[in-house]
Amino acid sequence: KFLPWLAHCLACTCQLVAMMTRRFNVVAAGLMSAEDLDDAFAQLLSSPVWSPWKTKSSNRLFDQWAYHQDRSTPPPPHLRFLGPLMQSLFDAMQRDTPGDPVVPFQCFVCLYET
């Protein structure tokens with residue numbers, strides 16, 4: 001009896017996450033050019049502050065910063081180049097949800113090693 005219940009709960013959770021998730025293309029939305037996006041990616045790759053994160057199935061690197069319920073919190077110095085992009089994303093999300101304030105809690109950047 002437990003497995004059907006668990007499967008139902010997982011299905012409901014997946015549906016809820018799918019409803020709350022939206023893919024967003026910053027270039028198509030006009031928030032940044034393809035060249036600027038490539039430049040940001042190159043800066044991320046050269047960041048000296050990646051931290052390792054190992055799981056059973058993969059190795060990856062991550063970096064992050066917290067917003068502490070204040071969307072104007074600047075990134076740490078080595079990620080300052082992401083600040084304008086994040087503010088543009090928050091503004092775009094806010095335009096899509098005018099009745100609900102956008103309150104970010106963290107920016108988490110993950111680099112999967114191949």
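The side chains of S58 and R60 are joined by a polar contact of 2.7 Å; a polar contact is a pair of N or O atoms within 3.5 Å, where, within protein, one must be able to donate a hydrogen and the other to accept it, and residues adjacent in sequence count only if both atoms are side-chain atoms. This is a predicted model, in which local features need pLDDT of at least 70 and side-chain atom pairs count only at pLDDT 80 or more, while totals for chains, interfaces and linings use all residues. Residues are numbered from 1 along each chain as its sequence is written, and side-chain values use heavy atoms, with hydrogens and water left out.

S58 sits in the loop between β1 (51–54) and β2 (59–66). With neighbours within four places in sequence left aside, S58 is in contact (heavy atoms within 4.5 Å) with W53 and Y112.

The protein has 3 helices and 3 strands, in the order α-α-β-β-α-β from the N terminus. Helices (H or I, at least four residues) and strands (E, at least two) are DSSP runs, numbered from the N terminus. Of its 114 residues, 23% count as buried; buried means under 20% relative accessible area, exposed over 50%, and partly exposed in between (1.4 Å probe, protein chains only).

T73 belongs to the loop between β2 and α3 and is buried, with a relative accessible area of 19%. Residues touched by T73, not counting those up to four places away in sequence, are W65, A66 and Y67.

| Side chain | Backbone oxygen | Distance |
|---|---|---|
| T73 | Y67 | 2.9 Å |
| T73 | D70 | 2.8 Å |

The structure holds 1 salt bridge, that is, a side-chain nitrogen of Lys or Arg within 4 Å of a carboxyl oxygen of Asp or Glu. D91 and R71 form this pair, at 2.3 Å from N to O. D91 lies in helix α3 (residues 83–96) and R71 in the loop between β2 and α3, 20 residues apart. D91 is partly exposed, with a relative accessible area of 34%.

The second largest pocket holds about 300 Å³ of space. Among its 15 lining residues, F41, L44, L82, L85 and V109 are the closest to its centre. A pocket is an open set of points on a 1 Å grid over the protein atoms alone, where a 1.4 Å probe fits, with protein on both sides within 12 Å along at least five of seven lines; lining residues have an atom within 4 Å of a point.

Note on methods. Points joined across faces, edges and corners; volume = space filled by probe spheres on them.
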